[in-house]
Amino acid sequence: MATLQDTPHDATAEDGVRRRDFINVAAISFAGVGAVAVAVPLLTQMAPSADVLALASIDVDISKIQPGQAIKASWRKQPVFIRNLMPKEIAAANAVPLSELRDPQTLAERTKPGHSNWLITMGVCTHLGCIPLGTGEGENRGPFGGYFCPCHGSAYDTAARIRKGPAPKNLQVPQYEFTSPTVVKIG
Amino acid sequence: MSFGWAQEYQPKSGFMRWIDQRMPLPRLVYGAVGGGYPVPRNLNYFWNFGILSGLMLTVQIVTGIVLAMHYYATADGAFDSVEHIMRDVNAGWLLRYSHANGASFFFVAVYIHIFRGLYFGSYKAPRELVWMLGLVIYLLMMATAFMGYVLPWGQMSYWGAQVITGFFSAFPVVGEPLRIFLLGGYAPDQAALNRFFSLHYLLPFVIAGVVILHIWSLHIPGSGNPTGVDVKTEKDTLPFHPFYTAKDGFGVGVFLILYMGVTFFWPDYLGHADNYIPANPLATPAHIVPEWYFWPFYAILRSFTVDFILAAKLWGVLAMFSSILLLFFLPWLDTSPVRSGNYRPVFKRFFWLLVADVFVLGYVGGAEISPVNIALGQFASAYYFAHFLIILPLISKLERPLPLPNSISESVLHGEAEESAPYGLATSGPVTAE
């Protein structure tokens, strides 16, 4: 019979652990397991939902982009710069020694073989996420002829590599492939 | 805080002492739900439902805040955003079903809590204010639940909003302008939806505030008990912790099993299929009823079919509001000094008749309108008012209650000296029997 006297300061078994200690620990532990189980849906709901993840890839028609021109496409609600480089811009990019670069990469590493005139990068400055200028006609392309971020003055060259300013990395190259000579699938 | 023998808070560590001296929050918690709150030792499981109501309020606030991260209150997009929650948001289906069924289980807990109070006379002196604050919480809950039901902007949402706000148009002269003012338009639309969302988010926190007052006013005299006899000595009480935290913990486990059982296996059982049709201002569903927890009141509303001095519509609305406002006067309608129904043989019978009557009202409120149902609803509505206004005062005067026990400990422990010793003060030898 469990009586009211069966309380914390008496009725100790030989090994010093009472039945009630075990029940207490088991009950509180299980409540802890339950709390973790409840936390899972309450937290995962914040992660991207299925409809957001479904926007994972886009097809872009690049047939209308003349050499020297660039467009902005929207992928996952972020701008992607697609630029048709002129031969002199390719030459300028290839002329830079890698040792001068903050984030050393060649133009060839940043384009697809056979499509080295197509520079496709995220239009998100690697400093703090602004959209650099340089895609539109007449926009400031900065001292290196690529892109120029108006927020804090990061300047990118014609391979969209960081050359000057606070940004730490080159403009990121997204995963993409040419599904035909005039269509790029991004994502 | 209520009895002289309540244990005083003793900080277990230097850190807690430091906190306690500067801001006695640990002391407050200890005195409210810890070892410092002496509770009658004879509470039965009906006394779990206060904690369970508080639990459901918490569940509703937590799931509601999370749902509000995905819901948008626009007449064009609200319905789609709810479907978005159901299909696209991670675990969104679980959160929404938990919230929708949580409302029902909140009302289940509160209704049992209210009828516990009615049976055991919890509304009587010195706890009148506890009872009245509880009724305020209940009214706020009804407003919150109604506005929450409008938010999915399905057919039942829309026409529920139309009908409920239509109550206000029953009042002469000011009625129709008042209704238009409340809706911000001539029919429920963007303005109404947006303000309902705003208030639906606000009111639960108002409820939480009134809950604090409810508990505060309860803890002045301390909890009631099934005998209705006042606590007299330390023998009559046990510390809230660990005795009632454990008992409430068990109740919480059982209640959550039922709640989650419905949420997982019959998530739409308590809802209406019509609410999965987007709101259409040009077509009313064939059978429009509120959620089950409003059915008894809906039955009272529909029981008035003939104009008598005032319009039938106005009578219905007045009767429906009166059926709750009446309860504010209950402490003075029931004048019997005996609290517990256990010692009131006549009251006990009429109490169960009232329970049956409310179930009949609930049935009528949820059923289709037919001549039989209307007659049944009229009879049950009349009986509801007669119970409180005629039967209860008469019983209080005429009834001869059973003899009350001298004390709580005597009623439960039959005077066994050892068992009735105050908790922790047993003086006899070590416990042997196990």
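Q: Into which domains is chain B divided?
A: In this predicted model, chain B has domain 1 (40–229 + 239–271 + 280–288) and domain 2 (294–413 + 423–434). Such bounds come from an automatic or database domain assignment. Residues are numbered from 1 along each chain as its sequence is written, and chains are lettered from A and ligands numbered from 1 in the order in which they are written. Local features need pLDDT of at least 70, side-chain atom pairs count only at pLDDT 80 or more, and totals for chains, interfaces and linings use all residues.

Q: How many residues of domain 1 of chain B are in contact with domain 2 of chain B?
A: There are 27 residues of domain 1 of chain B in contact with 24 residues of domain 2 of chain B. Contact requires C-beta atoms, placed from the backbone, to lie within 7 Å.

Q: Which element gives the largest share of that side of domain 1 of chain B?
A: The largest share, five residues, comes from α6(B). Helices are DSSP runs (H or I, at least four residues), numbered from the N terminus.

Q: Changing topic, which residues of helix α2 of chain B are buried?
A: They are B:R27, B:Y30 and B:G31. A buried residue has 20 or more other C-beta atoms within 10 Å of its own, with C-beta atoms placed from the backbone.

Q: What covers them?
A: The cover of the buried residues of α2(B) includes α1 (14–22) of chain B.

Note on methods: Contact = placed C-beta atoms within 7 Å. Helix = DSSP H or I, 4+ residues; strand = E, 2+ residues; numbered from the N terminus. Buried ≥ 20, exposed ≤ 12 C-beta atoms within 10 Å, placed from the backbone.
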